[in-house]
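Have a look at it, then read on.

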Amino acid sequence: MKTAPTSPRPLGGVGLGLRWDFLEEVVDGPDLPLDFFEVSPENYMRRGGYYPEQLEKLLCRYLLVTHGLTLSIGASAEPDADYLRELRVEIARTRSPFHSDHLCFSSAGQRSLHELLPLQQSRENVRRVAERAKRMTDVLGVPFALENITYYLHPGRAELPELDFLMGVLEASDAGLLLDVNNVYVNSVNHGFDPRAFIAALDLRRVVEIHVAGHSRKPSGLVLDTHGAPVADPVLQLLAFTLSLSGPRPVLLERDNDVPALDELVSEVQALRKIYDESVARYSATGS
Amino acid sequence: MQQALEGVFAEVVLGPVPSRESLATLCQKHAVNADDSAALAESLERLRVYRELVRGNLREALSLSIPRSMARLGPLFDEYFDRFLAEQAPRTHYLRDVAPEFLAFCAPLWVGDARVPPYLSGLGLHESLHIEVSALPSLPPGHVAAPLSLEGGVALSEALRLVRYRHAVHELAADEADRSVPSQRPVSLLVYRSPEHEVRYLELTPLAHGIVERLLAGDSLGSAVQGAAAEAGSALSEAVLGGAAKLLADLAERGVVRGPARPK
C-alpha cells in the first residue's frame, strides 16, 4: 500500500482541477497520466464525511496543490482569521507545496459575494494588498501566490495599467504569480490589448503555476471566463508562447461547468502536455 | 476608496437591477468620488453582468440544497431570494452553508406570510440537513468495545442533527414536481451520517427523542432515561428500560452510538 508523503514535493508537469463530478472515478480508477491535481480547499475545509476521506486516498497517489476562492485579499476588511486558521490546517493536510488565491475582492464587510470582483488598480491598493500578501506565507505556512483575474470592468478610474498593478503587488509582497493565460486572453479581448505583449512584459520568474480554461462569448461580444468549454486555440497558442518564455512551469486545466467525462479531460491534459514539452524544448534550445 | 467601491459593488450585485440614476445614488451614498462615479456609470452594463454572475452562483447553491422547497415556492422564491440578498446576504465562505443562512432569514418571515405553506420551513430544513449532515466534521469512525453503564455518558457520532418538525415533511416524495401536502403531526427525526457516509433518517418516539437529546447534552445514561421518561409522563418501568436498551442497540448498529463517555 502506498503511503502519503509527509512533506511537500515540488510541483511540475501538467495537472487537472479536481472536481466532485469525477472524484470517485479518480479514486477508484487506475493511475492517470497526470502530474498533479489542484483542489479548492473550501470544498474540503471544516467538513467530515465522504469527500475528505476520498481526498485522503488521493494523497497517496497524486501530488495536490491548493487554490482558494474566498480569501478576498483585496477587500477593505482584513481576511477572516477563522478562515485562515482552517485554511492552514487544510493546506498542511494536503501537503500542498504552496497556496494560491485571486487578486480580487469577494466580500464586502460581513457579506460574502462568492464571485471574484476586480480591485481598483491604484497605488494605494498595491500597497494595501501587498502588505497582506506578504504576511500570507507566515499565516498559511507555505509560499503564497496570486492569480491574475478576469475583469469585465475596471471599478472607477484606473490609476495604473493592469500589468503595473499586478507586478506592483507581486514585487512589493514577493508573492508568486499564478498566471492564468485564459484570463489574460479574455481580458485582452474585452479591453483591447495585445496578450503576448502583456505576458512578455511580466516578470515570468515569479510564475509558480499556469492555468488554462475555456471561455464563452455573450451576444454582446463580451467574453466570459466560464470554465465551461474546452480550451480555445488562441489560449493554447498563448500557453505555448508563455512556456517558451518562462521555461517549465506546472500547467493546469480548469473545468468547472459542463464537465465532460474524465477520459475527455485527461485527453485534453495530454494535449497540454504536448504543448508543454514542445514549448519547454523551444525554451531550452534558445537558452532563454 | 476600496471600502466605498466595494459598498457600491455589493449593493449593485445584491440589490435591484441598477439604473443610471440608482447607480449615481449609490455612489453618492458610499462617497465615491466624481471621477470614479463617472467611470462606473460608463460600465453600467458590465456591472449588471457581475450582478448576474453573483446571483447565478448563489441561486445554484440553493438549488443544489433545497430544490423541492424552491419548486413549491415558485415565483415566491424570487421574492424571498431578493430580500435575503438585499437585507442580509450570505455571511459564509462556504457555498454549502448558504441554504441554512437563507432558511434562517426566511423562517420568521414565512410564519407571517399566508402565501407560504406552513410546512415549508420544515421542508427547507429537512432538505438542507442532507448536505449539512453529510459534511459535519467527525472523529475517525470506530466503536469503543466497552459496555455502556447507567452512571456513564454515551459518546454519539458528531455527524448528526436531532430535529423536530410540525409536519411530516420527511414523508414527501423526492420528486420536485410533487405538490402533495404533508400531514400535520409532530415529528422527531434523527438525521445522521452512517459509517458509509450515507445521510440517513430515523424517526424517533418522544421518549427516544428525550433520551438522545439528553445524551447529546452530556447526561449520564441513567439520568437521560429517567429525565426523558418523566418528560413523556411515563414511569421508569421495565418497558421503558427495555425500550431504551433497544434504542441504544439500534443506534450502535447504525454507527450513531460510539461507546461510553464521561458524563458532563
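Q: In what order do the 3 strands of the open sheet in chain B sit?
A: This is a predicted model, where local features need pLDDT of at least 70, side-chain atom pairs count only at pLDDT 80 or more, and totals for chains, interfaces and linings use all residues. Residues are numbered from 1 along each chain as its sequence is written, chains are lettered from A and ligands numbered from 1 in the order in which they are written, and side-chain values use heavy atoms, leaving out hydrogens and water. Strands here are DSSP E runs of at least two residues, and helices are H or I runs of at least four, numbered from the N terminus; two strands pair if DSSP finds at least two bridges between them. The pairing in this sheet is antiparallel, and the order is E2-E3-E4.

Q: Which strands stand at the edges of that sheet?
A: An edge strand here has a single partner strand, so one side of it is left without a neighbour in the sheet.

Q: Which residue is the bridge partner of Arg161(B) in E3(B)?
A: E2(B) and strand E3 (residues 184-193) of chain B run antiparallel, joined by 7 bridges. In E3(B), the partner of Arg161(B) is Val191(B).

Q: At what angle to E2(B) does helix H8 of chain B run?
A: Helix H8 (residues 120-135) lies across E2, E3 and E4 of chain B. Angles run from 0 to 180 degrees between N-to-C directions, with axes fitted to C-alpha atoms, for helices over the stretch in contact (heavy atoms within 4.5 Å). For H8(B) against E2(B), that gives about 170°.

Q: Which residue of chain B forms a salt bridge with Arg157(A)?
A: A salt bridge is a side-chain nitrogen of Lys or Arg within 4 Å of a carboxyl oxygen of Asp or Glu. There are 4 between chain B and chain A, where the contact takes 43 residues from chain B and 47 residues from chain A. With the closest N and O atoms 4.0 Å apart, the partner of Arg157(A) is Asp35(B).
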